[in-house]
Amino acid sequence: MNSSTSLRPGAPPEPAGIYVHVPFCDGKCVYCAFYSVMLDPALADRWLAALELEMRRCALPEPVETGTIYVGGGTPTILGSKRIERLCSGLRRRFPLRRNGEWSVEANPGTLTRETLETLAAAGVNRLSLGAQSFDDRVLLRLGRRHTAADIFRAFDLAREAGFRNIGLDLIACVPGVGPRTWQRTLDSAVALRPEHVSVYALTFEEGSRLCARSPGARLRAKPDREQLNDLRRAEKALSQAGFRRYEISNYARPGFECRHNTACWRGEDYLGFGPAAASCSGLLRWANAPDLASYLAALEGGGDPPREFDELTPRIRAAERLIFGLRMLEGVQLEAVGGFERKLEPLREQRLVEIKDGRWRMSRRGLDLADAIAVELLGD
Amino acid sequence: MSADGATVFSMATELSRIRNYCIIAHIDHGKSTLADRMLQMTHSVEDRDFRDQLLDSMDLERERGITIKSHPVTMQYQALDGMVYEFNLIDTPGHVDFSYEVSRSMAACEGAVLLVDASQGVEAQTVANAYLAAENNLEIIPVINKIDLPVAKVEEVSHQIEEVLGIDMGQGALVSARTGAGIRELMERIVRQVPPPKTEPAPCPARALVFDSVYDAFRGVVVYVRVVDGHVRAGDRVRMLGTGTVAEIKEVGFFTPKFKPAQALGPGQVGYIVSTIKEPREVRIGDTISGASGPVPQQLPGFKNIHPMVFSGIYPVDTVDYEKLKASLGKLSLNDSAFSFTPESSVALGFGFRCGFLGLLHLEIIQERLRREYDVDIISTYPAVVYHVALEGGEIVNVDNPTHLPDQSRIEFIEEPMIKAFIICMNENIGDIMRLVMDRRGEVEKTDTLDVRRVMLTCRMPLNEILVDFNDYLKSVSHGYASMDYEHSGYAQSDLVKLDILLNGECVDAFSCLIHRSKAESRGRQMCAALKEVIPAHMFAVPIQAAIGKTVIARETIKALRKDVTAKCYGGDITRKRKLLERQKEGKKRMKQVGKVSVPQEAFISVLKSGS
């Protein structure tokens, strides 16, 4: 264990989930506000070395077992199989995965090769999250994606061939200009591939994304709420008919294939993040690395911690957070876990936005469409 | 203060050489410039102290070109007859809101200089103030100013003064306050035409008229007086005949225009008194100051307790500012005895104050000063007038807040305050303006032709109808040319109803107003539409209703929010997302809660502005 503690008192008694942020892409999608830079081989090598240093500075005993690992980005799969192998072996040494643990890696259909897939599988990665987004090439182009629908089919088949038995597809709903028929074709294509998991994210105009930066004249306008809800209902219908179960506002899985890493985050369990822009949660303490590769590299190469922003929660805020994010899941939150919030939940129950079922608070169908407005009600004193 | 004996103080000027006068004029007709020129001609101000428009000392006064407080000044004028005259110029508030103060200032004078801009001609305010001067029996000297302008229409304006105001221009002067032309001629006319003050033959009890006062943190209340009989000196014990307050004089003096202490103020003179009075409420404008001992003389005429005519609730935007607002209102009232405030509370707005004003300008000035000088963010409710509500059994109650209107079933009838308005406009706008007046339930009583281009309408209207945006409409239909002034004109019975606004079934007291039955429906519709624009969607549909009693006369519905959900929310997002939600929560907290409905601050403002 390293004496320079990156982790403040209150270190997780249980091994936390592990997240690694790969800050490299081969381009920027229009909706994306995550931190990434164009792939530069030399920078990627330095980042890998710095990441290993950062993981070693973590105050947990070395090695320590973990139940879930999630490698996101950015585009992890553009690192190439050599760096991926190094990344995975470093992770395995530091945070060996428990038996039956879940190890996810995000992948882009355009850059996924057989070699990469085989490297991932050999390293122990057992879940692939494929950024399909749409099965319509014009829509993919509009979103700034650098792949085609054919690439998705190809990548998916390669992944199956490489032995992946748990593959998730991400889809983007509510894209302006995409009518119900085009959207239905994307849903049908996704279902036809028979993945284990599907995420359906309504297009969000994130601050910092190109969608928001466009000049006012060229700016896309979000679809009206009514049309958005229709798109999302259509997705829910198509997926549930195909045997998927909605378990979070935007996530669907075949039974047993829910993403365990994300589920743990939503339930308010601890996680440790590594890499620029990665966030961590340990008890009441939160911190996030600065979204800046240069200062991340400089700090770790100089023997220090990367620049971080810390945030200490009050138990009340922590409880509110668990409730808010717990309610985003369809399983809801145990009655006894919401002590002190009944006063706020009851009026929402009168409005049929939340309900009590099987000893748990849950959102109603309408509540799921209004999760943010409900969260605002639940926050505060 | 002492009865006058044989001793005559050397500093007291002979009555025959005192001239007390005021200048009355419409905004921008050059009153302050003329006063400056008089000060220069009499060497009352050192050139190094000279700055333009010396007498308007409040920022707001300078900006708006209006006078709110009196600014008296004493000057020594060397006349052509070889004598030195003491000129007391009492610069009066120029707006009818302050007509009582104006009339008290006028009561301290024997003459008035009526100033008219040669390029603009007679305006509404000129008319209203000329009438006031005539009522106060002042000798009026008509003066046409800005005769140096190329667009000056001296003959035409002379004609207007004679025809509209009935004042003989043979007694008048033509000047340019800017260049100084004609000023000496005017000064000579003041000597010749303004009568010297009259006084009771000595010995007689001392009497002085209070025409204004200011509060000074160090000296207490500084009272502005015009001595009518006898003398006042430091050390005298005096009594306010109206309020009964007894005090000891600490200092007397003249305005030069700064305070300049003197030994005494004699008959006919204008000056100030500093006494042991610390409480502004103990000094009332129009009161008479007399000796505390000896025979009690007759009170000078015209004193009355003035009552506010327009009321509005003033609330802090942020409830934590309540104490700050209270302290600020207290400070403002120190220098403004006509302004009143009492605590009140509103279901929608929380704790605030019911404030009384002399009129609209007064209301605007107080609001502006609160924001500007005291830095308090305020919401003010729809202005209301004082209604006389006659109940069964003959009882009459005054209602200045629509929420306090007695139950409709007990009301026999309601009377509302009326005004006599003078509107001067171009001939081509007369149709639009008459329509505007009629739309505001007014009637045009008289139309006078001022000149080939302009007419003056004399109208009788409810005060209530000009409270919010009448002036804006007047300016807009006349492209800025029409001017309006008014005087109060009693009460008249009217078919008034209380219009309530209900949000999600709950009445929002701050939106209630009394309105003529014929206008209730359209006003109700406007208010509902305006509220629909500014109230955000809730998780439930929010009906907005306008109602008279239990009858709903207009309705809008804010549809329920259908979708408000973040699509993607992974681990690293949780803190950021929670903070975003917390910011939304803060925004919501700044809104006012009416039952389950959150109403943003703008709603209170936009509804007030959504006039006809």
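Me: Where is A:Gly74 found?
Reply: In this predicted model, A:Gly74 is in the loop between E4 and helix H2 (81-94) of chain A. Helices (H or I, at least four residues) and strands (E, at least two) are DSSP runs, numbered from the N terminus.

Me: And what is the peptide bond from A:Gly73 to A:Gly74 like, cis or trans?
Reply: That bond is cis, and its omega is near 20 degrees. A cis peptide bond also joins A:Glu62 and A:Pro63, with omega about -5 degrees. A:Pro63 sits in the loop between H1 and E4 of chain A.

Me: What does A:Arg98 form a salt bridge with?
Reply: Its partner is A:Glu65, with the closest N and O atoms 3.9 Å apart. A salt bridge here is a side-chain nitrogen of Lys or Arg within 4 Å of a carboxyl oxygen of Asp or Glu. A:Arg98 lies in strand E5 (residues 97-107) of chain A and A:Glu65 in the loop between helix H1 (41-57) and strand E4 (66-73), so the pair ties together parts that are 33 residues apart in sequence.

Me: Nice, the interface then. Which side chain of chain A does B:Lys588 meet in a salt bridge?
Reply: B:Lys588 meets A:Glu377, at 2.0 Å from N to O. By class, the side of chain B that touches chain A has 10 nonpolar, 5 polar and 11 charged residues. For the classes, Ala, Val, Leu, Ile, Met, Phe, Trp, Tyr, Cys and Pro are nonpolar, Asp, Glu, Lys and Arg are charged, and the others, Gly among them, are polar.

Me: How many residues of each chain are in contact?
Reply: 26 residues of chain B contact 44 residues of chain A, where contact means heavy atoms within 4.5 Å.

Me: What area do chain B and chain A bury between them?
Reply: About 3,300 Å², with 57% of it on carbon and sulfur atoms. Buried area is the accessible area (1.4 Å probe) that two parts lose on being put together, summed over both. B:Met539, B:Arg562 and B:Lys563 supply 23% of the area that chain B buries against chain A, more than any other three residues.

Me: Changing topic: how many aromatic pairs are there over all chains?
Reply: There are 20. Rings of Phe, Tyr and Trp (its six-membered ring) pair if their centres lie within 6.5 Å; planes under 30 degrees apart are stacked, over 60 edge-to-face and the rest tilted. One of the pairs is A:Tyr247 with A:Trp266, which is tilted, at 6.3 Å centre to centre and 55 degrees between the planes.

Me: Why does that pair tie together parts 19 residues apart in sequence?
Reply: Because A:Tyr247 lies in strand E9 (residues 245-248) and A:Trp266 in helix H9 (residues 260-266) of chain A.

Me: What about confidence?
Reply: Chain A has a mean pLDDT of 92, with 94% of its residues at 70 or more; pLDDT is the predictor's confidence in each residue, from 0 to 100. Over residues 1-13 of chain A, pLDDT stays under 50. Chain B averages 86, and 92% of its residues score at least 70. The predictor gives the complex an ipTM of 0.88 and a pTM of 0.69.

Key. Residues are numbered from 1 along each chain as its sequence is written. Chains are lettered from A and ligands numbered from 1 in the order in which they are written. This is a predicted model: local features need pLDDT of at least 70, side-chain atom pairs count only at pLDDT 80 or more; totals for chains, interfaces and linings use all residues. Side-chain values use heavy atoms; hydrogens and water are left out.
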